[in-house]
Amino acid sequence: MTTLPPSVDLSRHPCFNAKVQGKFGRVHLPVAPKCNIKCNYCNRKYDCVNESRPGVTSTILNPEQALDYMEKVLIAEPRISVAGIAGPGDPFANADATLTTMQLLRQKYPDLILCLSSNGLGLAPHVDEVADIGVSHVTVTVNGIDPEITKNIYTFVKDGNVIYRHVQAAELLIARQIKAIEKLKSRGVTVKVNFIAIPGVNDHHAVTTAKAMAKLGVDLFNCMAMLPNAGTPFEDVIEPDKPMMNSLRNKCEKHLPQMRHCKRCRADAVGMLGKDKSGEMAGCLKACATMPAKTDKPRPYVAVASLEGMLVNQHLGETTNFLIYKQEGKEFTLVEERAAPIPGGGIGRWQAMTRLFHDCRAIMVSEMGESPRGIFEKAGITPVTMSGFIDAGLKAIYEGNDLSIFKRRAKKSCGSSCLGTGTGCG
Ligand code: SF4
Ligand code: SF4
């Protein structure tokens, strides 16, 4: 199940609950510039405040800038109840920025509904972290479940360094989308599917797709008219009109509830649905984007792997709850416990931990492998392997003492050849 703070009121999502669209709004944080597929209707263009459609944003933010921008947005429009990432590319082609932003938001705003919108290609490996952070709503754009139909919608699908085209691209994307949706539902995430209706290409396939999505447990179906964008392969396709869309939605409704109030928002949309303030907020957004990256951001805490709260005595990979300490005068205070990401997922698990401990200067464990050690170091978190009293380790860390003594002790106590694969001791 998702890890949601009890104060989150899920009924306040104006896209998933049309009844509250006049009461609550949403903001899209444009932290995801890259995409891993190429849809034939997509034209991503920056620096355009007059155009309102998906893929457009005035600028790109990094996660810390997004957090600052969120603060300003809530002052300008306190009715914002949802923060989402919807591009301008795909959130999971920019997984690190996406998940760090969600983590920062969750820690600072426990009431906020968190939402993501993806093509689904790179989503499945991150579902557990998404749910652990407390992202409650995810949209996946599924333009069909028959690769012979959807092969005409994508120029390419890029998986790692391999580029797929035609039916292979379509098959891979559909398989990944289904896997991602199944995982999301197994973790209790509310899932909406966007279906872009493209006349003559996949409009006849909407009902079949809605039926298949219903079987997967999808909660809401958003049948959207394709916008013909200049400079794209589908620029000359005629946009479906309202009667056609209403007819499609009525047929799809036999299988799934329909979203009928989608405004096809920008990647930096902000405000109430239909009363977008992205023009008004563009100056603020751009000002936030020029803020220097906080390389010296405060890291007041240390994460500790301990069974009983006295000794450092757990390996990185076996620890389910980390103790978070901070220094107060000459004392060290236990601030909170943080649940570790669930095992599995290879290096993704260590990357998830670096996000979990973004405000920690060090992590103390009895042992960890070279792979997670390198990942923590790169993220600015000092990995300390030691055995002994927690207080002794904390004292050395906060006083900036030589930590190699702890490393030597820990090595003596562990004879295993640990590879840090994400499933073992780490
Ligand atoms: S997934 Fe989204 S950003 Fe990527 S090409 Fe398609 S519409 Fe554009
Ligand atoms: S594009 Fe549609 S679903 Fe997404 S925020 Fe706008 S109204 Fe909501």
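Let's start with H166, which sits in helix α5; helices here are DSSP runs of H or I with at least four residues, strands are E runs of at least two, and both are numbered from the N terminus. The phi angle of H166 is near 55°, a positive value in a residue other than glycine. Keep in mind that this is a predicted model, where local features need pLDDT of at least 70, side-chain atom pairs count only at pLDDT 80 or more, and totals for chains, interfaces and linings use all residues. As for bookkeeping, residues are numbered from 1 along each chain as its sequence is written, chains are lettered from A and ligands numbered from 1 in the order in which they are written, and side-chain values use heavy atoms, with hydrogens and water left out.

Helix α5 also holds K185. K185 pairs up with D219 in a salt bridge, with the closest N and O atoms 2.7 Å apart. A salt bridge here is a side-chain nitrogen of Lys or Arg within 4 Å of a carboxyl oxygen of Asp or Glu, and by that rule the count is 20. Since α5 covers residues 166-186 and D219 lies in the loop between α6 (206-215) and β11 (220-225), the K185 pair ties together parts that are 34 residues apart in sequence.

The protein is assigned domain 1 (10-289) and domain 2 (301-413), with bounds from an automatic or database domain assignment. Taken over C-alpha atoms, their centres are 36 Å apart. Ten residues of domain 1 touch eight of domain 2, where contact means heavy atoms within 4.5 Å. Together the domains bury about 720 Å², and carbon and sulfur atoms give 48% of that; this is the accessible area (1.4 Å probe) that two parts lose on being put together, summed over both. On the domain 1 side, Q103, Q107 and E129 supply 50% of the area buried against domain 2, more than any other three residues.

Two salt bridges link the domains. E129 and R355 meet through their side chains in a salt bridge, at 2.8 Å from N to O. On the side of domain 1 that touches domain 2, α2 (95-108) and α3 (127-133) are the elements that give two or more residues. Of these, α2 gives the most, with six residues. Sorted by class, that side has two nonpolar, three polar and five charged residues. For the classes, Ala, Val, Leu, Ile, Met, Phe, Trp, Tyr, Cys and Pro count as nonpolar, Asp, Glu, Lys and Arg as charged, and the others, Gly among them, as polar.

## Around the ligands

What surrounds ligand 1? Its shell is C35, I37, K38, C39, Y41, C42, R44, P88, G89 and N119, each with a heavy atom within 4 Å of the ligand. By class that makes six nonpolar, two polar and two charged residues. P88 itself is in the loop between β5 (80-85) and α2.

Ligand 2 has C15, R26, H28, K192, M259, C262, K263, R264, C265 and L273 around it.
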